[in-house]
Amino acid sequence: MPLTDLPLEDLLTYRGEVAEPADFDEFWVDSLEQARAHDIDVARTPVTGHGLARLEVEDVRFSGWGGQRIAAWLVRPRGEQGPLPIVVHVQGYSQGRGVPVQHTQWAAAGFAHLVVDSRGQGHDTPDAGSPETTGSYVGGVMTKGIEDPRHHYFRRAMVDCARAVDAAHALDGVDGRRVVVAGGSQGGGFTLAAAGLCGDAVAAALPDVPFLCHYRRGAETASAGPYLEVVEYLRRHTRTSVEQAFRTLAYVDAANLAVRATAPALFSVALMDPVCPPSTVFAAYARYGEAVQAVGREVDKEIAVWPFGDHAGGGADQFARQLQWLGARGFLPGS
């Protein structure tokens with residue numbers, strides 16, 4: 001495995017060629033308007049028997065894409081009345097919300113923690129899809145709806161992430177000034193999507209080794225992981241236009257959504273990552289916040305580089321760094 005797909009000195013200024021459709025903003029405004037036509041309708045049910053004596057757990061449901069119900073866990077320190085800062089946690093590829101005992105770190109640090117299921121990937125949120133969708137796809141969800149951006153899986157899933165931010169703001173006992181979005185891999189891409197779609201409703205973003213950025217570069221350079229689903233699809237479907245496939249993916253490219261973000265952000269990247277090549281991460285990092293920078297507003301962003309990290313990135317050390325970074329910006333409970 002090579003140390004990196006480009007030398008670090010080149011990565012630090014890497015942007016790549018990430019296409020952005022002319023109607024990109026219109027596409028996402030329309031997507032959010034459709035979703036927000038449905039009331040967020042947050043429902044909370046206490047969960048017992050989880051064995052976490054010092055934590056409270058609730059099953060949370062809210063309306064996502066098409067009004068479809070999205071499942072989440074809300075985990076928080078027992079007895080804390082708040083208002084607490086909240087971490088909206090979005091999931092990696094093929095993962096869902098799992099079970100509550102998997103999600104204790106943020107609550108142990110004093111945060112409310114909203115653990116959001118991924119439609120069709122977890123056990124508790126089915127993906128109803130788009131009834132108009134035709135055509136086939138390969139493997140997981142990377143090519144599901146690739147013939148038309150209106151029907152691509154990630155349109156629905158990224159809208160769900162934005163609606164999760166809406167749900168966090170609707171929760172009692174939460175500090176709406178300290179809503180943090182976090183996730184790794186696919187969750188890192190979802191974090192960038194939520195930050196780009198929700199503007200100042202997201203107060204901080206923590207994208208770890210983010211996936212879903214600069215799809216074409218990922219398909220051309222990744223040696224493992226879901227980018228290879230795109231490669232396999234185009235290998236099998238030789239009559240499909242390569243340019244049309246990547247045009248669809250441009251609408252759901254987290255590097256394009258990152259341009260619209262306003263929140264302070266701490267990225268991470270691993271230079272031995274075979275799943276999310278470092279250049280794809282730096283393409284998103286270079287673009288992060290550019291829309292507001294263009295009108296004279298500075299965006300607070302940093303990137304933690306793990307030279308010998310694989311797709312696990314910095315692991316627990318990155319979590320410790322996130323807590324330190326959040327503390328320096330007044331996000332820790334009691335600050």
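This is a predicted model: local features need pLDDT of at least 70, side-chain atom pairs count only at pLDDT 80 or more; totals for chains, interfaces and linings use all residues.
1. A word on the ground rules. Residue numbers start from 1 along each chain as its sequence is written, and side-chain values use heavy atoms, with hydrogens and water left out. Local features need pLDDT of at least 70 and side-chain atom pairs count only at pLDDT 80 or more, while totals for chains, interfaces and linings use all residues.

2. Out of its 86 residues, Leu114, Phe154 and Tyr288 touch the most other members. Helix 4 (residues 153-170) gives the largest share, 11 residues; helices here are DSSP runs of H or I, at least four residues, numbered from the N terminus.

3. There's also a second, separate core of 13 residues, with Phe319, Trp325, Leu326 and Phe331 among them.

4. Back to Tyr288. Beyond its neighbours within four places in sequence, its contacts (heavy atoms within 4.5 Å) include Leu192, Ala258, Phe267, Val299 and Lys301.

5. Now look at helix 10 (residues 278-287): nine of its 10 residues are buried, so the rest of the structure largely encloses it. Phe282, Tyr285 and Arg287 are among the buried ones. Just after this helix, Gly289 has a positive phi of about 80°.

6. Helix 5 (residues 186-198) has 13 of 13 residues buried, so it too is largely enclosed by the rest of the structure.

Methods: A nonpolar core is a set of buried Ala, Val, Leu, Ile, Met, Phe, Trp, Tyr and Cys residues joined through side-chain atoms within 4.5 Å. Buried means under 20% relative accessible area, exposed over 50%, partly exposed in between (1.4 Å probe, protein chains only). Helices (H or I, at least four residues) and strands (E, at least two) are DSSP runs, numbered from the N terminus.
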